[in-house]
Amino acid sequence: MNLPISLLVSPDIQVYLMRDKVKRNFVCVKIIKIKNIPKKEREATRVEVDLLRRLNHPNIVRYIDSFLSKNGESLCICMEYCDGVSET
């Protein structure tokens, strides 16, 4: 499988399936363009990250990490990959 695989593409948000370099497991990376968005929407992205970081429930996708891109124009949120297979 050639990675990354694009799972969602919109003008301001992209989601990719990638492989963790250390653990070698699949992860999803959500990339949100924040450079030219209004302050209120930029604050909403910060709130999303804070909420994801605090959530811990077996039915909610697990937050792994977040960071700004090297050029500072995008926020990257790394989350666990769920392949749609039920574990129950």
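Accessible areas here come from the Shrake-Rupley method with a 1.4 Å probe. I start with that because the surface total below rests on this method.

**Entry 1: the whole protein**

I note that this is a predicted model. The accessible surface of the protein is about 6900 Å². Carbon and sulfur atoms account for 55% of that surface. I looked up the extent next: the C-alpha atoms fill a box of roughly 40 × 30 × 25 Å along the principal axes.

The protein has 88 residues, and 26% of them are buried. I then looked up contacts between residues at least 6 apart in sequence; 33% of these join residues at least 24 apart.

For charges, I found 15 positive and 11 negative side chains. The centres of the two sets lie 5 Å apart.

**Entry 2: the order of elements**

Read from the N terminus, the order is β-β-β-α-β-β.

How many of the eight residues of β3 are buried? Six of them are, so I can call this strand, residues 26-33, mostly covered, because buried means under 20% relative accessible area.

I looked up the pairing of β3 on both sides. With β2, which spans residues 13-19, β3 pairs in the antiparallel sense over seven bridges. One of the bridge pairs I wrote down is Ile 13 with Ile 32 in β3. Seven bridges also join β3 to β5, and these two strands run antiparallel. Here I noted Val 29, whose bridge partner in β5 is Cys 78.

**Entry 3: Lys 30**

Lys 30 is in strand β3. Is this lysine buried or exposed? Its relative accessibility is 17%, so Lys 30 counts as buried; the cut-off for buried is under 20%.

I looked up what surrounds Lys 30. Leaving out residues up to four places away in sequence, Lys 30 touches Ile 13, Gln 14, Val 15, Glu 48, Leu 75, Cys 76, Ile 77 and Met 79. With Glu 48 there is also a polar contact of 2.9 Å between the two side chains.

**Entry 4: the β2-β3 hairpin**

The hairpin of β2 and β3 has six residues between the strands. I looked at Arg 24, which lies in the loop between β2 and β3. Arg 24 has a positive phi of about 70°, although Arg 24 is not a glycine. Arg 24 has a relative accessible area of 49%, so I put it down as partly exposed. The exposed class needs over 50%.

**Entry 5: helix α1**

Lys 39 is found in helix α1, and so is Arg 46, with the helix covering residues 39-54. Lys 39 is exposed, with a relative accessible area of 69%. Arg 46 comes to 42% relative accessibility and therefore counts as partly exposed.

I also looked up two C-alpha distances that start from these residues. Arg 46 and Asp 65 are 19 residues apart along the chain, and their C-alpha atoms are separated by 13 Å. Lys 39 and Ser 69 are 30 residues apart in sequence and 18 Å apart in space, C-alpha to C-alpha.

**Entry 6: the β4-β5 hairpin**

β4 and β5 pair in the antiparallel sense over five bridges. Tyr 63 stands opposite Met 79 in β5. The two strands form a hairpin with five residues between them. Which residue in this turn has a positive phi? I found Gly 72, with a value of about 75°.

**Entry 7: Ser 69**

Ser 69 sits in the loop between β4 (63-68) and β5 (74-80). Its relative accessibility is 18%, so Ser 69 counts as buried. What lies 3.3 Å from a polar atom of the side chain of Ser 69? I found the backbone nitrogen of Glu 73 there.

Definitions and conventions: Residues are numbered from 1 along each chain as its sequence is written. This is a predicted model: local features need pLDDT of at least 70, side-chain atom pairs count only at pLDDT 80 or more; totals for chains, interfaces and linings use all residues. Side-chain values use heavy atoms; hydrogens and water are left out. Helices (H or I, at least four residues) and strands (E, at least two) are DSSP runs, numbered from the N terminus. Buried means under 20% relative accessible area, exposed over 50%, partly exposed in between (1.4 Å probe, protein chains only). A polar contact is a pair of N or O atoms within 3.5 Å; within protein, one must be able to donate a hydrogen and the other to accept it, and residues adjacent in sequence count only if both atoms are side-chain atoms. Contact means heavy atoms within 4.5 Å. Lys and Arg count as positive and Asp and Glu as negative; His and the chain ends are not counted. The place of a charge is taken as NZ of Lys, CZ of Arg, CG of Asp or CD of Glu. Two strands pair if DSSP finds at least two bridges between them.
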